[in-house]
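Subject: Structure handover and notes

Hi,

Here is the structure I promised to pass on. My notes follow below it, so please have it open while you read.

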Amino acid sequence: MSDTFAIGGDLAVGRLGFGAMRLTGRGIWGEPEDPDECRAVLRRAVELGVTLIDTADSYGPEVSERLIGETLAPYPDDVVIATKAGFLRPGPNRWVTDGRPEHLRSACEESLQRLKLERIDLFQLHRIDSKVPAAEQFGTLGDLQREGKIRHIGLSQVSVEDIRGAREVIEVVTVQNRYSASDRSDDDVLAYCESESIGFMPWAPLGSGRLAEPGGLLDRIAQETGATTGQVAIAWLLRRSPVMLPIPGTSKVAHLEENIGAGDLELPDALVGELSAAT
């Protein structure tokens with residue numbers, strides 16, 4: 001497995017986590033086709049040493065959180081459950097922002113119940129809602145933190161300016177943005193997080209596009225190292241920055257084991273440099 005990172009300076013997790021979005025039905029909607037396999041995925045993740053599991057109230061909606069609570073609670077002492085609020089899931093493949101303070105507060109209360117927790121270790125604002133003053137959204141999370149309902153606060157899909165604005169109101173310990181070997185549009189956000197010791201959780205970490213195509217650079221490196229393209233993509237992320245916390249997700253045990261195997265893949269410096277230089 002990979003090394004560790006201390007979220008907020010006091011919450012140590014293995015840098016290779018698990019994203020639980022796929023423990024739902026098609027379009028991230030409804031129950032999964034094979035709930036027993038999804039439960040087996042969660043149990044196997046913990047067996048393999050995963051200590052950071054990321055979910056959201058909108059995954060299903062509610063389905064992913066409920067499965068986690070039913071399967072893993074009471075949790076091992078070293079397992080951190082991170083969840084998110086501020087995004088609604090009104091139908092398959094549909095997202096709607098809702099950052100109203102009353103919604104964020106009720107979402108937190110309901111997540112606590114589904115996850116069977118007394119306090120959420122990492123509670124993230126899934127999206128900043130443009131219809132609600134940002135300071136009100138951040139302030140609500142700060143209130144929940146002072147009330148002891150959440151331990152640490154994170155943001156999702158934000159700019160450096162967004163993070164700086166939030167830090168005027170709350171302490172931000174993680175950022176979850178789209179990032180991969182084939183999508184580095186948020187390099188500036190990653191650089192800022194690294195300079196401020198803020199954990200960076202890349203979603204969609206396996207990437208897509210030209211680099212991941214058969215015959216592409218990821219494919220060639222995979223063949224040279226005896227790994228899969230997904231393992232190469234994850235291993236590169238772990239080398240990219242010490243604050244990087246990849247959270248690849250799946251609903252299959254075999255795919256989970258493949259992803260976690262990336263934590264043991266040592267990419268030669270030359271291949272890391274070649275992939276880093278690719279655009």
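A word on naming before anything else: helices (H or I, at least four residues) and strands (E, at least two) are DSSP runs, numbered from the N terminus. This is a predicted model, in which local features need pLDDT of at least 70 and side-chain atom pairs count only at pLDDT 80 or more, while totals for chains, interfaces and linings use all residues. Residues are numbered from 1 along each chain as its sequence is written, and side-chain values use heavy atoms, with hydrogens and water left out.

P61 sits in the loop between strand 4 (52–54) and helix 2 (63–72). The peptide bond that joins G60 and P61 is cis, with omega at about -10 degrees. That loop between strand 4 and helix 2 also holds E62, whose phi is near 75 degrees, a positive value in a residue other than glycine. Is E62 buried, partly exposed or exposed? Its relative accessibility is 37%, so E62 counts as partly exposed (buried means under 20% relative accessible area, exposed over 50%, partly exposed in between, with a 1.4 Å probe and protein chains only).

A cis bond also joins A73 and P74, where omega is about -5 degrees. P74 belongs to the loop between helix 2 and strand 5 (80–85). In the loop between helix 3 and strand 8 you will find K116, which has a positive phi of about 60 degrees although it is not a glycine. K116 is exposed because its relative accessible area is 52%.

Seven strands form an open sheet in the order 3-4-5-8-9-10-11, with parallel pairing (two strands pair if DSSP finds at least two bridges between them). Its edge strands, each pairing on one side only, are strand 3 (18–19) and strand 11 (199–200). Strand 9 (residues 150–156) and strand 10 (residues 172–176) run parallel and are joined by four bridges. Opposite L155 stands V175 in strand 10. Helix 4 packs on the sheet and touches strand 8 (120–125) and strand 9, its direction making about 160 degrees with that of strand 9. Contact here means heavy atoms within 4.5 Å. Axes are lines fitted to C-alpha atoms, for helices over the stretch in contact, and angles run from 0 to 180 degrees between N-to-C directions.

Helix packing

How do helix 3 and helix 4 pack, at what angle and how far apart are their axes? Helix 3 (residues 101–115) and helix 4 (residues 134–146) pack at about 35 degrees, with axes 9 Å apart. On the helix 3 side the contact is made by P101, L104, R105 and C108, and on the helix 4 side by E136, Q137, T140, D143 and L144.

Further along, helix 7 (residues 217–225) has L217, L218, D219, I221 and A222 as its buried residues. These buried residues of helix 7 pack against helix 8 (229–240) and helix 10 (269–277). After helix 7 comes G226, with a positive phi near 75 degrees.

Cysteines

If you are setting up bonds, the disulfide count comes to zero, taking a disulfide as a pair of cysteine sulfur atoms within 2.5 Å. C38 counts as buried because its relative accessible area is 2%, and C193 is buried too, at 0% relative accessibility.

Happy to talk any of this through.

Best wishes
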